Amino acid sequence: MAETLEKSEKYLFEEMPVALAVATLAVPTIISQIVTMIYNLADTFFVGQIGDPLMVAAVSLVSPWFNLLTALGNLFGLGGSSLISRMLGAKNHEDVKHVAAFSIWGGAVTTLLFSLMTYVFRAPLLTFLGASPDTYGYAEDYLFWVVVMGGVPTMVSLAMGHLLRSEGHARPASAGMMFGGILNVALDPLFIFVFHMNVAGAAIATALSNAASVVFFVIQYIRLRDRTDVSLRPRYFTFRFIRPIFSVGLASALATALGNASNMVMVHLASGYGDIPVAAYGVVKRIDQFPLNVSMGLCQGFMPLVGYNYAAKNYERMRHVSTFSWKAAVIMSACFVACFAAFAPQILHLFIPEAQTSSLGAQFLRVACLAVPLTSVNFLISYTLQAMGKGVQSACLTSCRQGLLNIPLLIAMNALIGLFGMIWTQFVVEIIMLPVSLGMYMHVFHSLKAAKSVS
């Protein structure tokens, strides 16, 4: 059985045509990301159908903090999966179970502490996020259920999916995410409209869906136990691999955390213009994330291929995987931009029928979508470096994009131009960072080739 597993891995990672190999791993993850995005949009969509922009604003205020759970999932899950892919490329199957156990159990304990701290400091946190007296109660309900109660299952389900993909099990990994997403879409209208729980109902539906996703993943791991080196057993837990896991995972977590910090700053600044701009921006941010989630699916698909071939020193195949993925991301992103630009009013009205909010949101969307193709390429370059274990270089790019540039520019553009200046900020940042990202990647790649030729 182990020999059969190794042969199938070898063909997928080393011999299968690049386009087909990327598609084999990426198509299921892209589909799961689309479903996940739909379920992320579900809360905003169904709450929006109530017709109260205050409730939509409350969900928008809490969303950046909720998304920090993704940062924790990436810290442990992506960091662990990148290391596992490189271990497989180096033919080291024995230590995979130790990496997996640390990723799952270390992540769960860390997330539990995050959830407890969120509950203890919820009042100052909601004030910082921009909650007004009119939105505070709704925001507090949403925060309690999705972060305090639902934090651990959200993080664990993300990490489990990443670890499955690291060995090429893209379909069961994607199925787990899709299961939770579909369940959330089904539960949202039940809790919101049938049980009349409004914002709290949407939050409970999200928490329950993520918990069900964890159960689904556990069943998948049991089913695949003879075809995977990954183990969830606590007895394999060790701190031995914390450094290589965090060296990559920290870059990904930093990207997510700084991205959400930028969103928090944006929402906080927008709250100075009233609750309507906050609601409009919140809806636009969810819609704008759709093409970026497709790119994320592409990332999660090609990262095991890049990591495996990097460890095997097959740098040409690694480069072909990366460049093919970047081109695919640009083409897909351009299609989304055209769609958003053409149908912005209709899309916004679908999410929030209230006229003032949907009109302002349509204007926001037509500006915000222009950055999407550039963001996708910068995003994928950073994840390519992470897959190679170049966490420091990836973290530098991320820090520049989201920290050194984005947040200061948001503040400056708001002061100089106003509300719409903040909407243009991401486009300006991505234009500045694209040559920097490409230059960093080319430098790393040429260094690898030079080192290989010397050896």
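Modeller: Helices (H or I, at least four residues) and strands (E, at least two) are DSSP runs, numbered from the N terminus. The model is predicted, so that local features need pLDDT of at least 70 and side-chain atom pairs count only at pLDDT 80 or more, whereas totals for chains, interfaces and linings use all residues. Residues are numbered from 1 along each chain as its sequence is written, and side-chain values use heavy atoms, with hydrogens and water left out.

Biologist: How many cavities of 30 Å³ or more are there?

Modeller: On a 1 Å grid over the protein atoms alone, a cavity is a set of points where a 1.4 Å probe fits but cannot get out; a pocket is an open set with protein on both sides within 12 Å along at least five of seven lines, and lining residues have an atom within 4 Å of a point. Points are joined across faces, edges and corners, and a volume is the space filled by probe spheres set on them. In this structure the count is four cavities of 30 Å³ or more.

Biologist: Which helices each supply at least two residues to the lining of the second largest cavity?

Modeller: They are helix H4 (68–89), helix H8 (151–166) and helix H12 (275–311). The volume of this second largest cavity is about 100 Å³. Among its lining residues are Leu78, His162, Arg165, Met303 and Ala387. For the classes, Ala, Val, Leu, Ile, Met, Phe, Trp, Tyr, Cys and Pro count as nonpolar, Asp, Glu, Lys and Arg as charged, and the others, Gly among them, as polar. By that scheme the lining of the second largest cavity has four nonpolar residues, seven polar and one charged.

Biologist: What is the volume of the second largest pocket?

Modeller: The second largest pocket has about 310 Å³. It is lined by 14 residues, and those closest to its centre are Arg225, Val230, Ser231, Leu232 and Arg233. Helix H10 (residues 198–223) gives the largest share of this lining, three residues. The classes in the pocket lining are six nonpolar, three polar and five charged.

Biologist: How many aromatic pairs are there?

Modeller: Rings of Phe, Tyr and Trp (its six-membered ring) pair if their centres lie within 6.5 Å; planes under 30 degrees apart count as stacked, over 60 as edge-to-face and the rest as tilted. The count here is 21 aromatic pairs. In one of them, the ring centres of Trp424 and Phe427 are 6.0 Å apart with the planes at 70°, so this pair is edge-to-face. Both residues belong to helix H17 (residues 419–454), where Trp424 and Phe427 are three residues apart, about one turn of the helix.

Biologist: Which residues form one aromatic cluster?

Modeller: Phe76, Phe102, Phe237, Phe239 and Phe246 form such a cluster. A ring may also have a charge over it, if NZ of Lys or CZ of Arg is within 6 Å of the ring centre and within 35 degrees of the ring normal. The charged end of Arg122 sits in this way over the ring of Tyr119, 4.2 Å from the centre of that ring.

Biologist: What is phi of His196?

Modeller: Most residues other than glycine have a negative phi. His196 has phi near 55°, a positive value in a residue that is not glycine. His196 lies in the loop between helix H9 (170–194) and H10, and His196 is exposed at 62% relative accessible area. Asn198, also not a glycine, has a positive phi of about 55°. Asn198 is in helix H10 and is partly exposed at 28%.

Biologist: Which residues is Ser63 in contact with, leaving aside its neighbours within four places in sequence?

Modeller: Contact means heavy atoms within 4.5 Å. With those neighbours set aside, Ser63 is in contact with Asn260 and Arg286. Ser63 lies in helix H3 (residues 53–66) and is buried, at 5% relative accessibility.

Note on methods. Buried means under 20% relative accessible area, exposed over 50%, partly exposed in between (1.4 Å probe, protein chains only).
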